[in-house]
Amino acid sequence: MTKPIISIRNVTKRYPGVVAVDDVSFDIMPNEFFALLGPSGCGKTTLLRMIAGLETSGTGDIIVDGHNMEGVPANTRPVNMVFQSYAVFPHMTVRDNVAYGLKVTGVAPADIAPRVEDALEMVQMSAMADRKPDQLSGGQRQRVALARALVKRPKVLLLDEPLSALDAKLREHMQLELARLQQVIGITFIIVTHDQDEALSMADRIAVMEKGGVRQIAGPEELYEKPHSRFVADFIGKINLIDATVSGVSKAGVTCVANGLGTVIVPHDGAASGSISLAVRPEKLTLSAEAPPPGSGISAKGVIRDVAYYGDVSNVFVTCDDGLELAVNVQNDRAAAGLLENGREAYASWHPSDTLILQE
Amino acid sequence: MARRTSIRGPLDYGKSPWLILFGFVTFIVLYAPIAQLIVFSFNDSKRNIVWRGFTTKYYAKAWNDASLVEAFTNSITIAVMCTVIATIIGTATALWLWRFRFPAKAAVEGIMALPIVIPEICMGVAVLVLYSRVGHWMRGFESGPIYWWNELFSIWPLNLGAITAAHIAFSFPFVAIVVRARLIGFNRELEEASKDLGASEWQTFWNVVLPFMMPGVVAGALLSFTLSLDDFVITFFTAGPETNTFPVKVYSLVRRGVSPDINAASTVLIVITLVATIIAMRMQAPSKSEG
């Protein structure tokens, strides 16, 4: 088994009155594209800055490539960072910015020039090497920040919300670009983001953080299909959460009484007891005018309250009994035509195996 | 029929005749005395009230007036020494206030700004009282081993030390405030990025923080130079018979009537300040836009 490039062991960071990072432990493998995902204030940036050595006085161990980073200052750690503001030095040209990290660490001048040119080539900024940052667009500045970090040949590249300042089109482009770069260079990338789409589309594995703790670490698909908690289920994509109480567990699954659905049996291969949430993604639901045949799954009768049209799909909100609100994604095909009208009665139904049981 | 009132945009103030007139009057009030001073420095008249023809002889006269030249040299020397030291102290103070958190920081900032707000006359008296105290104390050692100290400080330019010290005291807070204001716009991530890229604390300061501060430092230096050059009140209290500065000298001459050689010397001073200002502004110009 390969050794992890980064091991986070019981890392905790307290600020007066807040625990920014709360006893976090996980490993990141070499060549992994790893994302720290969570809402603002969840501690993801603090954790990244601790890895970079910019945030000190935390407890626990951060081990990079087998070396404990305890007491190692930021300027000697084998990691480099792309800052949220890019932090491109305004008084230096693009080339000088990229060369800076090599100059200050005493790399021989003869070695600096080719390495800088290579790095600029890699991010397609060679043509603008002599420009000053104020002559560059946001996306170009970001490329400079990337080249500046990569030219140092770090073992791990840290990216703090690297795409948040870009417009939507450019962001999408840079997502692909970053994923491509990571594959070409073959080093570990750790990206901090609050954008779940960004994390899902780029990362090999994602750590979802909340209130300083890691709630779940998994690949994008597993995270989406099998979230462990209400928080993760709700944070990654959209999901219907239905309150329920367990009344029995059998081989067939968990029998429970759900709000607005009555008694349902959901396949589940773990323990479940007390109050739980049934979770089902909007795209797993189907909407029909007629009641589905009995025994074909879980269904609820309701009234269409709102239709949000997105071209290819519509997000339909159905109000059912007991105040149960269900979101349904409907493909805008021929079957949907005529059905999607506010105030119309409809049945939302889904297969029991598409239902997740969330205990926490 | 066209509408009588033309609609003026917020930036069309140049179209209002009253505003143009007001601006013109302001300009005249500000610059007419200076223009007159310069023009009359070339006036061929002893009493310098009526224009009697062009001459540059008063420049020669001023140049040959040893006491005037000495006062002038003293002023420039004091201003240069004061600028160098006040800029260093002021910049260091600004960095300190910007960089560190410590108890009673607000109080320290307030006290630091005191020399700016307290009346100059009070400052002058205070400095005089302090210096006479120090002088009294020093005389006690006249026969002792510290006597060489007094000797040393009667040699030029060290004999200007007293005035220079007073000038530094009132001008360094100006430098500190200007540099501090500049530092507020500094993106802390630049500093972190520098360290992340392998630079030491010192390298980061020289390569990243200082270039960013530079316009503020230059502006502060210029401010302290001009403040020192034209200070009268505090200098008046601290100047001795051997250590006259230009403003104090001009004051003593003016009491005997304004002669064109004072105009000439003043014109030279204006030109020097103007050139210094232009150089400083040129230095600031390239770093106009920061990301």
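Good morning. Among the elements of chain B, the lowest mean pLDDT, 67, belongs to helix α7 (residues 147-152) of chain B, and the highest, 93, to helix α9 (residues 188-196) of chain B. These are confidence values, for what I am presenting is a predicted model. Chain B as a whole averages a pLDDT of 84, and 88% of its residues score at least 70. One stretch calls for caution: over residues 287-291 of chain B the pLDDT is below 50. Beyond near neighbours in sequence, that stretch has 11 contacts in the model. For the complex, the predictor gives an ipTM of 0.81 and a pTM of 0.78.

I turn next to the interface. How many residues of chain A are in contact with chain B? There are 21 of them, and they meet 18 residues of chain B. On the side of chain A, the elements that give two or more residues are β6 (79-82) and α2 (94-103) of chain A. By class, this side has 12 nonpolar, six polar and three charged residues.

α2(A) packs against helix α4 (residues 138-150) of chain A, with the axes 7 Å apart and at an angle of about 30°. Angles under 35 degrees count as roughly parallel, and therefore α2(A) is roughly parallel to α4(A). The crossing of α2(A) with α4(A) is right-handed. Which residues of α2(A) meet α4(A)? They are V94(A), N97(A), V98(A), Y100(A) and G101(A), and on α4(A) their counterparts are V144(A), A147(A) and R148(A).

Six strands of chain A form an open sheet with mixed pairing, in the order β6-β7-β8-β3-β9-β10. At its edges stand β6 and β10 (213-218) of chain A, each pairing on one side only. From one strand to the next, the twist averages 20°. Helix α4(A) packs on this sheet, where it touches β6 and β7 (156-160) of chain A. The direction of α4(A) makes about 175° with that of β6(A). Within the sheet, strand β3 (residues 33-37) of chain A pairs with strand β8 (residues 188-193) of chain A in the parallel sense, over five bridges. There, F33(A) has F189(A) of β8(A) as its bridge partner.

A further open sheet in chain A has five strands, in the order β13-β12-β11-β14-β20, and its pairing is antiparallel.

Finally, let us consider strand β16 (residues 298-309) of chain A. Strand β16(A) pairs in the antiparallel sense with strand β19 (residues 345-350) of chain A over six bridges, and S299(A) stands opposite S349(A) in β19(A). Seven bridges join β16(A) to strand β17 (residues 313-320) of chain A, again in an antiparallel arrangement; in this pair D306(A) stands opposite F317(A). The hairpin of β16(A) and β17(A) has three residues between the strands, and G311(A) takes a positive phi near 90°.

Thank you for your attention.

Note on methods. Residues are numbered from 1 along each chain as its sequence is written. Chains are lettered from A and ligands numbered from 1 in the order in which they are written. This is a predicted model: local features need pLDDT of at least 70, side-chain atom pairs count only at pLDDT 80 or more; totals for chains, interfaces and linings use all residues. Two strands pair if DSSP finds at least two bridges between them. Helices (H or I, at least four residues) and strands (E, at least two) are DSSP runs, numbered from the N terminus. Two residues are in contact if their C-beta atoms, placed from the backbone, lie within 7 Å. Ala, Val, Leu, Ile, Met, Phe, Trp, Tyr, Cys and Pro count as nonpolar, Asp, Glu, Lys and Arg as charged, and the others, Gly among them, as polar. pLDDT is the predictor's confidence in each residue, from 0 to 100. Axes are lines fitted to C-alpha atoms, for helices over the stretch in contact, and angles run from 0 to 180 degrees between N-to-C directions. Angles under 35 degrees count as roughly parallel, over 145 as roughly antiparallel, 65 to 115 as roughly perpendicular and the rest as oblique. A crossing is left-handed if the near helix is turned anticlockwise from the far one by less than a right angle, and right-handed if clockwise.
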